[in-house]
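Here are a few notes to read alongside the structure. Have it open as you go through the points.

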Amino acid sequence: MAFAELLDQVGSLGRFQALQTVALLVPIMWVISQTLLENFSAAVPAHRCWVPLLDNSTAQASAPGDLGPEALLAVSIPPGPNHGPHQCRRFRHPQWQFLDPNATATNWSEAATEPCTDGWVYDHSTFTSTIVSKWDLVCDSNALRPMVQSIFLAGILVGAVICGPVSDRFGRRLVLTWSYLQIAVSGTATAFAPNLPTYCLFRFLVGMTIAGISMSTSTLMMEWTSAQAQTLMMTLNALGFSVGMVLLAGVAYGVRNWVLLQLVFSVPFFLVFVYSWWLAESARWLITIGRLEQGLRELQRAAAINRKKAVRDALTMEVLLSTMQEDLRGRQTPASLSTLLCTRILGLRTFVTTLCWFSFGFIFFGLTLDLQALHSNTFLLQALLGLLDIPARIATMMLLNRLGHRPIQVASLLLSGLFILANMLVPHEMPFLRAILAMLGVWCVVSSFTCTTIYSGELFPTTLRAVKKALHHTREPSVLKSTQF
């Protein structure tokens, strides 16, 4: 390919690519943290109904005898399904008979109880504040919590539909710069949302930027490197997500307040927005759509940063036209989704790769968006997911170079499905085994993600890459319902 020759001359894996890659990977770590943030900011703390005998000093002083908190709890709150205090109901009147050693607390009727009309008391030993405790997303309102996650994922869907065509028509860097600004503003505003609908609106806007940043980052990394180095670039891109998951676990462990946590992963994007103006646009895309002068400037800039002064001076418009003559003769205007679907070979490739993306999205998000459901230490699980991801990504890169794409793709999807099916057979009383199987499933599916990302970049032309990635990101509806479980 003619552009590959130009890229080899200016340097396809030099100082310029290293600086650009670092600048692109830093925000990726924060992006995955925003995606999985609600494992902590929307965690459900232990809770019970507010009752006067326990939570009102005047009523507590009027209690007969010298009763401790456990006794007052027993006469105020019925036992729940897990043998602890019921989380959603309280006795209408104190049941003093339960203080009799011969009485049993199981002999109570539903009619003697009422919902938590005065609110709830939350356990702040793990999280000092979450959106659940702030807006009481428990009991009859517990369905609002997965709805919040669904709205965020819907934002990713809408962002993919918008950012894909915009990226192919107006450029990758433009989408990146705008997305960085939007996630900075929307993420910061989320922390100060006065009510749940406003919170959902800002999370939707944050979700829109996730697709734009993810798609444009991987596309820029691939289009500035040679075909031989694309596996390395996509592995580094994937490792950014892995490190981001570990970073999230560490920061969340130290910052237990959801407002501060939201700000920690939002405010840095203002800095990213500032330096994003330095990022180079894809010279491959610029030349493909006919913006030759801009493409030439970007190539000269890459040569200068790679310390190839002679190449930069020799690279002129005449050299560019001579080298790219065949490609420019067949140049097309930016393609659309109809081109992707109506061309037989491209349509088949799109169908197969979209199925692979769907499988990744369903498994990965279904497992990682509600770690609390695994009934283990959420901080530890989040850190382990990221730490296990790192060897998985590196092993995938090594195996891809030896075995090829197709065997790794098939094996990773098959194994991830088997681990998830096995997890369904494990009883809830064995949380450790369930967590291990879930992490093995994620370990395999991230290998599939790396393979599919590389596959997708190699199988589609430059003018269709962002549109194709936008179609792949529409896998998000597959997990809108999975967050309910």
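**Notes on the fold**

1. Buried residues (under 20% relative accessible area, with exposed meaning over 50% and partly exposed in between; 1.4 Å probe, protein chains only) make up 52% of the 485 residues in the chain. Keep in mind that this is a predicted model, where local features need pLDDT of at least 70, side-chain atom pairs count only at pLDDT 80 or more, and totals for chains, interfaces and linings use all residues. Numbering runs from 1 along each chain as its sequence is written, and side-chain values use heavy atoms, without hydrogens or water.

2. You'll find 24 helices and 4 strands in the chain. These are DSSP runs numbered from the N terminus: H or I of at least four residues for helices, E of at least two for strands.

3. Beyond neighbours within four places in sequence, F269 is in contact with P27, W30, V31, Y180, I183, A184 and I213; contact means heavy atoms within 4.5 Å. Across the chain, 79% of the contacts with a separation of 6 or more are between residues 24 or more positions apart.

4. Last stop: L415, found in helix α22 (residues 405-425). L415 is partly exposed, at 39% relative accessible area.
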